[in-house]
Amino acid sequence: MAETLNTRFKRGPSESPGLLLWRTTMRWQRVMTAALAPLDLTHVQFVLLASAMWLGRNGEPPNQVQLAAQAGTEVKMTSDVVARLEAKGLIARETDSRDSRAKMIRITAAGTAAAQRAIVAVEAADAAFFEPVDEAQLVGLLQQLAGEIR
């Protein structure tokens with residue numbers, strides 16, 4: 001006896017936007033992992049390193065809470081990953097002179113070089129991955145789904 005799927009999709013889960021987004025995300029993450037592996041960076045390490053570089057571009061380094069907010073990561077996980085980046089010599093953490101509980105994140109020269117190489121690799125991988133679709137349209141849709149556009 002065939003079991004009936006309790007779904008609103010006539011042809012089953014293959015029409016589910018959520019499942020398709022999951023599968024797309026998993027495929028994209030594999031592409032990012034492959035692009036960053038030669039640089040000895042995980043994807044989350046790259047995101048935090050590039051975010052720290054972006055936030056500190058005007059000479060004012062971010063603290064870990066600001067970095068987590070920019071990257072959309074949890075503060076505790078951000079702290080753990082930042083410790084790994086520090087061990088690699090890519091960032092330095094310093095106590096904030098205004099708040100002894102806060103850690104400021106400074107990109108080292110090696111970190112800047114690594115981030116720049118990684119940005120090139122990630123952007124090339126992104127361009128190849130998203131080549132089949134209209135990127136501007138996709139970005140608008142993703143911003144809407146992420147709640148960044150109302």
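At what angle do the axes of helix 3 and helix 4 cross, and within what distance do they come?

A: Happy to! This is a predicted model, in which local features need pLDDT of at least 70 and side-chain atom pairs count only at pLDDT 80 or more, while totals for chains, interfaces and linings use all residues. Residues are numbered from 1 along each chain as its sequence is written, and side-chain values use heavy atoms, with hydrogens and water left out.

Let's start with the angle. Two packed helices are described by the angle between their axes and the distance between the axes. Helix 3 spans residues 64–71 and helix 4 spans residues 75–87; their axes cross at roughly 105° and come within 9 Å. Helix 3 is therefore roughly perpendicular to helix 4. The axes are lines fitted to C-alpha atoms, for helices over the stretch in contact, and angles run from 0 to 180 degrees between N-to-C directions. Helices themselves are DSSP runs (H or I, at least four residues), as are strands (E, at least two), numbered from the N terminus.

Now for the residues that meet. From helix 3 come Gln64, Val65, Leu67 and Ala68, and their partners in helix 4 are Val75, Thr78, Ser79 and Val82. Contact here means heavy atoms within 4.5 Å. Sorted by class, this contact between helix 3 and helix 4 has five nonpolar residues, three polar ones and no charged ones. In this sorting, Ala, Val, Leu, Ile, Met, Phe, Trp, Tyr, Cys and Pro are nonpolar, Asp, Glu, Lys and Arg are charged, and the others, Gly among them, are polar.

Next, look at the sides of helix 3. Its buried residues are Gln64, Leu67 and Ala68. They lie on the same side of helix 3 because they cover an arc of only 100° around the axis, the arc being that of the directions from the helix axis to the C-beta atoms. Buried means under 20% relative accessible area, exposed over 50%, and partly exposed in between (1.4 Å probe, protein chains only). The cover over the buried residues of helix 3 includes helix 2 (43–55), helix 4, strand 1 (91–96) and strand 2 (99–107).

Just after helix 3, glycine 72 has a positive phi of about 75°.

That brings us to threonine 73, in the loop between helix 3 and helix 4. Threonine 73 has a relative accessible area of 16%, so it is buried. Leaving out residues up to four places away in sequence, threonine 73 touches Val44, Leu48, Ala68 and Thr78. With threonine 78, the side chain of threonine 73 also makes a polar contact of 2.5 Å. A polar contact is a pair of N or O atoms within 3.5 Å; within protein, one must be able to donate a hydrogen and the other to accept it, and residues adjacent in sequence count only if both atoms are side-chain atoms.

Technical notes
Angles under 35 degrees count as roughly parallel, over 145 as roughly antiparallel, 65 to 115 as roughly perpendicular and the rest as oblique.
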